[in-house]
Amino acid sequence: MEENGFRPKGFPELKNDTFLRAAWGEETDYTPVWCMRQAGRYLPEFRETRAAQDFFSTCRSPEACCELTLQQPVPYSLQPLRRFPLDAAIIFSDILVVPQALGMEVTMVPGKGPSFPEPLREERDLERLRDPAVVASELDYVFQAITLTRQRLAGRVPLIGFAGAPWTLMTYMVEGGGSSTMAQAKRWLYQRPQASHQLLHILTDALVPYLVGQVAAGAQALQLFESHAGHLGPQLFTKFALPYICDVAKRVKAGLQKAGLAPVPMIIFAKDGHFALEELAQAGYEVVGLDWTVAPKKARERVGKMVTLQGNLDPCALYASKEEIGRLVQQMLDDFGPQRYIANLGHGLYPDMDPEHVGAFVDAVHKHSRLLHQN
């Protein structure tokens with residue numbers, strides 16, 4: 001049943017609920033599969049659609065998305081579904097729209113990535129941030145994009161909404177962009193622990209209504225990206241990341257109930273956070289995503305059947321031959337087991353990946369998992 005029997009008025013009936021059933025821990029006939037960054041630069045149609053537009057301008061403009069939808073048969077989130085029989089779509093957006101909504105300037109620099117011209121450097125810089133209560137209204141364009149995409153999906157597969165976790169967002173806001181060490185952000189944790197908690201609380205207060213709003217707009221599942229978990233050791237993660245991860249899940253679920261919305265499965269993906277796998281499995285999420293550094297059998301042993309696991313093929317495995325991809329997928333499926341599992345990569349697709357090899361990955365999951373489920 002779609003979303004535990006609830007179907008929002010006005011949306012087409014869901015035809016393929018395998019992803020949702022796996023996320024809820026229900027039995028499935030095969031293993032569902034989707035890819036992080038599946039609506040991305042590896043697709044030539046994506047590059048053609050995005051060529052004439054600034055990244056964040058595209059994110060902010062539902063009108064532009066509608067115009068692009070008229071130029072292309074489908075919007076970004078649907079482009080990969082034209083090519084591959086994926087079992088879920090993920091909305092085209094970015095985790096850094098939240099710092100933008102809080103009043104920080106963010107630009108996408110070609111060849112470099114996101115850049116904050118005026119990052120947070122001192123405790124007093126927190127005063128520059130807007131009230132987190134306004135974030136959801138500032139991000140109404142995301143909600144409009146979700147509703148449009150959900151309608152255009154026509155019930156083909158579920159639509160996933162997402163956001164960055166508080167610690168990951170904090171790293172960008174303090175570092176001013178990407179970093180190999182996160183030295184400035186971690187300096188805050190050690191030198192300004194009170195201000196760090198203040199910022200993490202602000203981000204949590206912004207994320208909760210934003211995620212609830214995504215569900216109200218049509219998202220049928222939510223993923224929280226703790227992309228920079230690996231920069232924290234167990235102690236710092238337990239103090240500055242895990243409590244907010246837990247709080248987001250708890251408060252989003254309460255917010256959905258208060259709004260009269262049915263619950264949706266929530267996924268936590270903490271990249272390189274394997275040291276906290278047991279804690280993540282008890283953080284209030286139905287699904288725990290794994291990167292490629294975690295052995296599937298050991299992960300299953302550590303969390304048992306308490307949650308669904310998602311992942312975790314090395315993205316670079318898609319550079320291998322199609323035959324080798326099939327072999328690697330079969331081993332991954334055997335190691336995770338046939339139930340309480342969603343196939344994915346251990347991180348997002350890279351821009352130079354061959355779409356045909358992405359297709360080989362998706363096809364291999366469906367082929368081998370159906371055989372596995374028959375045994």
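The buried residues of helix H13 (residues 242-258) are Leu242, Tyr244, Ile245, Val248, Ala249, Val252, Gly255 and Leu256, where buried means under 20% relative accessible area, exposed over 50% and partly exposed in between (1.4 Å probe, protein chains only). An α-helix has 3.6 residues a turn, so residues three or four places apart point the same way. Helices (H or I, at least four residues) and strands (E, at least two) are DSSP runs, numbered from the N terminus. What covers these buried residues includes H9, helix H11 (193-217), strand S5 (221-226), helix H12 (234-240), strand S6 (266-270) and helix H14 (277-281). The end C-alpha atoms of H13 are 24 Å apart, which agrees with the 24 Å that its 17 residues should span; the expected span is 1.5 Å times one less than the number of residues. After H13 comes Gly260, with a positive phi near 75°.

A word on what you are viewing: the model is predicted, local features need pLDDT of at least 70, side-chain atom pairs count only at pLDDT 80 or more, and totals for chains, interfaces and linings use all residues. Residues are numbered from 1 along each chain as its sequence is written, and side-chain values use heavy atoms, with hydrogens and water left out.

Stepping back, the chain has 17 helices and nine strands, and 62% of its 375 residues are buried. Of the contacts (heavy atoms within 4.5 Å) between residues at least 6 apart in sequence, 75% join residues at least 24 apart.

Let us turn to H9 (residues 166-175), the helix that holds Glu175. Glu175 is buried, at a relative accessible area of 15%. Its side chain reaches the backbone nitrogen of Gln184 at 2.8 Å, and a polar atom of that side chain lies 2.9 Å from the backbone nitrogen of Ala185. Both are polar contacts, that is, pairs of N or O atoms within 3.5 Å; within protein, one must be able to donate a hydrogen and the other to accept it, and residues adjacent in sequence count only if both atoms are side-chain atoms. Beyond four places in sequence, the residues in contact with Glu175 include Pro119, Arg121 and Met182. Phe116 is 59 residues away in sequence, yet its C-alpha lies 8.2 Å from that of Glu175.

Now for the spaces inside. A search of the whole structure finds four cavities of 30 Å³ or more. On a 1 Å grid over the protein atoms alone, a cavity is a set of points where a 1.4 Å probe fits but cannot get out, and a pocket is an open set with protein on both sides within 12 Å along at least five of seven lines; lining residues have an atom within 4 Å of a point. Points are joined across faces, edges and corners, and a volume is the space filled by probe spheres set on them. The second largest cavity holds about 70 Å³, and S6 gives the most to its lining, with three residues. The second largest pocket holds about 180 Å³, and helix H16 (322-336) supplies the largest share of its lining, four residues. Val294 is among the residues lining this pocket and also among those lining the second largest cavity.

We finish at helix H17 (residues 355-374), whose 20 residues reach 29 Å, close to the 28 Å expected. Because 14 of the 20 residues are buried, H17 is largely enclosed by the rest of the structure. At its start, a side-chain oxygen of Asp354 comes within 2.9 Å of the backbone nitrogen of Glu356.
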